[in-house]
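Hi,

Here is the structure I promised to pass on. Have a look, and my notes follow below.

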Amino acid sequence: EQSLFNRVLDLDWVYPPGPSDFCGGDAVMRPEVLRAVDGFDASLIAGEEPDLCQRIRALGHVILHIDQPMTGHDLAMTGWASYWKRAFRAGYAYAEVSDRLKDTAFPLWVADVRRNRIRGGILLLLGFVALLATGVMLSVWPLILLFSAILALSIRSAWKARWKSGSAGTLLLYGFHSHLQQIPILFGQLAWWRDRRRARPRGLIEYK
C-alpha cells in the first residue's frame with residue numbers, strides 16, 4: 001500500500017491454487033529433484049525459476065500452488081522508471097526463456113512472446129498515429145479515441161481478474177497495467193534479440 005505501483009503489481013503474484021506451469025522464487029522443492037536437473041541456470045539474468053520448473057516438469061514432477069501466504073515481498077516501487085525497468089526485464093526473460101524452451105515438451109512463454117509482439121506493436125502504432133493525427137487535425141479527438149479504447153480494454157481485463165481483488169479501483173488500475181506493460185515488455189524482447197545477434201551478454205537489470 002506504499003504506492004500505486006506496489007498495490008497494482010501485487011496482483012501479479014496472485015495465482016489460483018492447483019497445478020501450475022511454474023513458480024516464483026519462494027518455493028519448497030525436494031533436494032533430490034533440484035539436483036537431478038542441475039539446479040538454477042546462473043547464466044539467466046531473469047526467468048530462472050520458470051526455466052527450472054520446465055526441467056522439473058520434464059522429469060514428470062508437478063509444480064503446485066497452494067492457497068497459503070509465504071513471504072511478504074516489498075517491491076519498493078515508487079516511480080515510472082522502476083515500473084518500466086521491471087517490465088523491460090520481464091520482456092527480456094520472456095524472449096530468452098521461450099527461445100530456450102521452444103523445442104521442448106514444455107515450450108513456456110512461446111505464445112506469450114508472440115502475443116506481446118502483436119499487442120505492444122499495435123499500441124505503439126496507435127499511439128504514434130494518434131499523436132500524428134492530433135498534430136495534423138489540431139484536435140485532441142484522436143487522443144480521446146485512443147484513451148477510450150484503452151479504457152474499454154482495461155475494464156474488460158479488470159473484470160476478468162475480479163477474483164484477484166475486492167477493490168474495483170485496484171482492479172481497474174491492474175487492467176490498465178496489463179496493457180500498458182506490453183510496451184516495455186516489447187522493448188525488453190527487442191533488447192534480448194539485439195544482444196543475441198551481437199553475442200553480447202547483459203548484466204542484471206535492476207529496477208530498485
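Let me start with Cys23, which is buried at a relative accessible area of 11% (buried means under 20% relative accessible area, exposed over 50%, partly exposed in between, with a 1.4 Å probe and protein chains only). Cys23 is in no disulfide, and the nearest cysteine sulfur, that of Cys53, is 3.6 Å away; a disulfide here is a pair of cysteine sulfur atoms within 2.5 Å. The structure holds zero disulfides. Cys53 is buried too, with a relative accessible area of 1%.

Before going on: this is a predicted model, where local features need pLDDT of at least 70 and side-chain atom pairs count only at pLDDT 80 or more, while totals for chains, interfaces and linings use all residues. Residues are numbered from 1 along each chain as its sequence is written, and side-chain values use heavy atoms, with hydrogens and water left out.

Cys53 also belongs to the largest nonpolar core, which has 13 residues; Phe22, Ile63 and Trp109 are among the others with the most contacts inside it. By nonpolar core I mean a set of buried Ala, Val, Leu, Ile, Met, Phe, Trp, Tyr and Cys residues joined through side-chain atoms within 4.5 Å. Helices H3 (48–58) and H4 (80–101) each supply at least two residues of this core, and the largest share, three residues, comes from H3. Helices are DSSP runs of H or I with at least four residues, numbered from the N terminus. Apart from neighbours within four places in sequence, Cys53 is in contact (heavy atoms within 4.5 Å) with Asp21, Phe22, Cys23 and Ile63. A second, separate core of seven residues includes Ile45, Tyr92, Trp192 and Ile205.

Trp192 is also one of the buried residues of H8. What covers the buried residues of H8 includes H4, H5 (110–137) and H7 (168–180).

Now the charges. The structure holds ten salt bridges, each a side-chain nitrogen of Lys or Arg within 4 Å of a carboxyl oxygen of Asp or Glu. In one of them, Arg55 meets Asp51 at 2.9 Å, N to O; both lie in H3, four residues apart, about one turn of the helix. Asp51 is buried at 4% relative accessible area, whereas Arg55 is partly exposed at 24%.

Asp99 forms a salt bridge with Lys102, with the closest N and O atoms 3.2 Å apart. Arg196 forms a salt bridge with Asp99 as well, the closest N and O atoms being 3.2 Å apart. Arg196 lies in H8 and Asp99 in H4, so this pair ties together parts that are 97 residues apart in sequence.

Best wishes
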